[in-house]
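Open the model in your viewer and keep the sequence beside it. This tour goes from the whole chain to single side chains.

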Amino acid sequence: MLQPSYFLNQPFQNNLYPPLPSDATHTLYIEGVPSDATEREISHIFRPFPGFQSLRLLQKESKQYPSRSYYLCFVEFDNKYQSTVAMNALQGYRMEKTDTKGLNILYAKTERKTDQRTDRVRSQENRIKQRE
């Protein structure tokens, strides 16, 4: 059995927040979303994870096959650690029994740009809440 004095002689390691990959972002890009999936269905998968903020599901038409469409799916979290936890937990998640690959979850290449108008509105809303 380890004695408490053993821990006093060990270097401190912060295991609460393990090191993140250099490309980590608070936004995840989700590949492999079925073409008949809804925003609500996908939100239900990510919502239980702490820090979940929002989900954007954008339908695009294939340039190579014009009759086919696919989804661009982005999920935002409060911070990089929370997005990493969700990514690791849900990597390969199968939305259907017949799905052989599952979801492929990556860090989004760039952070979402917020427009100045949205920031002004949020700022005004926060000031109103503080007054109340």
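Helices (H or I, at least four residues) and strands (E, at least two) are DSSP runs, numbered from the N terminus. Color by these elements, and from the N terminus on you read α-β-α-β-β-α-β-α. That gives 4 helices and 4 strands.

Before going on, note how the model is treated. This is a predicted model, where local features need pLDDT of at least 70, side-chain atom pairs count only at pLDDT 80 or more, and totals for chains, interfaces and linings use all residues. Residues are numbered from 1 along each chain as its sequence is written, and side-chain values use heavy atoms, with hydrogens and water left out.

**Whole chain**

Show the surface. The accessible area is about 10600 Å² (Shrake-Rupley method, 1.4 Å probe). Carbon and sulfur atoms hold 50% of that surface. Buried means under 20% relative accessible area, exposed over 50%, and partly exposed in between (1.4 Å probe, protein chains only). Of the 132 residues, 29% count as buried. Contact means heavy atoms within 4.5 Å. Among contacts with a separation of 6 or more, 61% join residues 24 or more positions apart.

**The sheet**

Hide the surface and select the strands. In which order do the 4 strands of the open sheet lie? The order is 2-3-1-4, with antiparallel pairing. Two strands pair if DSSP finds at least two bridges between them. The edge strands are strand 2 and strand 4, each pairing on one side only.

Strand 2 and strand 3 are antiparallel, over 9 bridges. Here Ser 54 stands opposite Glu 76 in strand 3. Next, strand 3 and strand 1 pair over 4 bridges, again antiparallel. Thr 27 also has Glu 76 of strand 3 opposite. Then strand 1 (residues 27-31) meets strand 4 in the antiparallel sense, over 4 bridges. Look for Glu 31, whose bridge partner in strand 4 is Asn 104. Leu 28 stands opposite Tyr 107.

Stay on strand 1. It is largely enclosed by the rest of the structure, because 4 of its 5 residues are buried.

Now select residues 80-90, helix 3. Helix 3 lies across strand 1, strand 3 and strand 4, at about 160 degrees to strand 4.

**Strand 4 and Tyr 107**

Show the side chains of residues 104-107. Which face of strand 4 is covered, and which is uncovered? Ile 105 and Tyr 107 form the covered face, while Asn 104 and Leu 106 form the uncovered one.

Center on Tyr 107. Tyr 107 counts as buried because its relative accessibility is 10%. Beyond neighbours within four places in sequence, Tyr 107 has contacts that include Pro 21, Tyr 29, Ser 83, Thr 84 and Met 87. Now pick Ile 30. From C-alpha to C-alpha, Ile 30 is 8.6 Å from Tyr 107, though 77 residues separate them in sequence.

**Aromatic rings**

Show the rings of Phe, Tyr and Trp (its six-membered ring); two pair if their centres lie within 6.5 Å, with planes under 30 degrees apart stacked, over 60 edge-to-face and the rest tilted. How many aromatic pairs does the whole structure hold? A search finds 2.

Start with Tyr 29 and Phe 74. Their centres are 5.4 Å apart and their planes at 45 degrees, so the pair is tilted. Tyr 29 lies in strand 1 and Phe 74 in strand 3 (residues 69-77), so the pair ties together parts 45 residues apart in sequence. Phe 74 is buried, at 17% relative accessible area.

Move to Phe 52 and Phe 77. This pair is edge-to-face, at 6.1 Å centre to centre and 80 degrees between the planes. Phe 52 is in strand 2 (residues 52-61) and Phe 77 in strand 3, 25 residues apart. Phe 52 and Phe 77 are both buried.

**Last stop**

Select Arg 68 and Tyr 65. Arg 68 lies over the face of Tyr 65, 4.6 Å from the ring centre. A charge sits over a ring if NZ of Lys or CZ of Arg is within 6 Å of the ring centre and within 35 degrees of the ring normal.

Definitions and conventions:
Axes fitted to C-alpha atoms, helices over the stretch in contact; angles between N-to-C directions.
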